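I opened my notebook to look through a structure, starting with how its parts meet. Here are the entries as I wrote them.

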Amino acid sequence: MYLPPHDPHVDDPMRFKPLFRIHLMERKSATVECMYGHKGPHNGHIQIVKKDEFSTKCNQTDHHRMSGGRQEEFRTWLREEWGRTLEDIFHEHMQELILMKFIYTSQYDNCLTYRRIYLPPSSPDDLIKPGLFKGTYGSHGLEIVMLSFHGKKAKGTKITGDPNIPAGQQTVEIDLAHPLQLPDVENLRDFSELSRIVLEVQEQVRREEQEQEQRQEEEDHSQAASPPAAKSLGAEGAKAEETAAGAEGSTQNKAPASQPFMLPMGVISRNEDYPRTCRICFYGTGLIAGHGFTSPERTPGVFVLFDDDRFGFIWLELKSFSLYSRIKVSFQNAEAPSREAFDEMLKNIQSLAT
């Protein structure tokens, strides 16, 4: 298991924890040992469910128990997962979330199902190289997010989740067609000024989507009435889109190599050690929900590209900032066989989450 570094140190390397091991014996037989817990290797079982999927089962879960009971197990887990003690955590809400996570993860006793995930395919036109990133999520600690590019959109999909937003959900979506021009640093300190800029773009996006729907309805109606006219309209639409894409490209090309960046007053960040310059910003949306993924909604925010390996997201409604740093572990045989296979995998992990 690859675990993120301790919160909020996103630039630190991932941590490695063995969960099981297989001893290959003669005559194609093998023994499986569970490595979970603190009493050494013990008897386990692995079953291949279907292609790209297998499950593990511990046959001696008493090896996972500690003499001090659940309290000792919780304190040990807290030191290993968070690098701190219960006494270090003063915030009541954070204590509640951490306890929820412990109860949720410890109930499985290393009886887990594994499914293959692919790394996102890359293209020379991508803003940065897609891949896996460690990100700060307030009281939830660090989580793993996969950044992938899909035409005029970029998506951040959760690979690890929390009690609010589970793994598989799209935590952020970046609208690459709508770069944001941030105010100078002095005005950027004013949260209301940033909020005004973002909400104006949100309204613009809403209008464009309405116009697009209206155009589509007219085009469908026109096709039904007169196919040749539809061709003409379609060509004009394509031309207009091409022009828009060209305009967007020129907007991005005109962006300065770097510009000063500072979080507005009142925006909470787990990590104060974020970069003070950025390359470019885009309008985006972030997914928020109550415990148990109740009442999920997409809310406006700002995607901030710092460099090739780091980006951030300002959650406008939460007045919160997440910093993401690239995972530089080299995973073997993780490339998707095709773009279609990757898109199918994304759909599958989202359906599992819901």
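**Where the domains meet**

I counted five residue pairs in polar contact between domain 1 and domain 2, both residues being at pLDDT 80 or more. For a polar contact I took a pair of N or O atoms within 3.5 Å; within protein, one must be able to donate a hydrogen and the other to accept it, and residues adjacent in sequence count only if both atoms are side-chain atoms. Helix H2 (residues 92-106) gives the most to the side of domain 1 that touches domain 2, with six residues. Helices here are DSSP runs of H or I with at least four residues, strands are runs of E with at least two, and both are numbered from the N terminus.

A note on the ground rules: this is a predicted model, where local features need pLDDT of at least 70, side-chain atom pairs count only at pLDDT 80 or more, and totals for chains, interfaces and linings use all residues. Residues are numbered from 1 along each chain as its sequence is written, and side-chain values use heavy atoms, with hydrogens and water left out.

I then looked up the bounds: domain 1 is 2-115 and domain 2 is 131-204 + 256-352, as given by an automatic or database domain assignment. Their C-alpha centres lie 28 Å apart. In contact (heavy atoms within 4.5 Å) are 20 residues of domain 1 and 21 residues of domain 2.

How much area is buried between domain 1 and domain 2? I have about 1,800 Å², with carbon and sulfur atoms giving 66% of it. Buried area is the accessible area (1.4 Å probe) that two parts lose on being put together, summed over both. On the domain 1 side, Val-10, Met-14 and Leu-97 lose the most area to domain 2, together 32% of what that side buries.

The rule finds two salt bridges across this interface, a salt bridge being a side-chain nitrogen of Lys or Arg within 4 Å of a carboxyl oxygen of Asp or Glu.

**Salt bridges elsewhere**

I noted a count of 24 salt bridges by this rule. Lys-158 pairs with Glu-143, the closest N and O atoms being 2.8 Å apart. This pair links distant parts of the chain, with Lys-158 in strand S10 (residues 153-158) and Glu-143 in strand S9 (residues 142-150), 15 residues apart.

Are Lys-158 and Glu-143 buried or exposed? Lys-158 is buried at 1% relative accessible area, and Glu-143 is buried at 0%. The cut-offs are under 20% for buried, over 50% for exposed and partly exposed in between (1.4 Å probe, protein chains only).

Glu-73 and Arg-70 also form a salt bridge, at 3.2 Å from N to O. They sit about one helical turn apart because they are three residues apart in helix H1 (residues 69-82).

Glu-33 is in strand S4 (residues 30-34). I found its side chain in polar contact with the side chains of Arg-21 at 2.6 Å and His-23 at 3.1 Å.

Asp-175 is in strand S11 (residues 170-180), and counts as buried at 7% relative accessibility. Its side chain makes a polar contact with the side chain of His-178 at 3.0 Å. A polar atom of the Asp-175 side chain also lies 3.1 Å from the backbone nitrogen of Ala-177.
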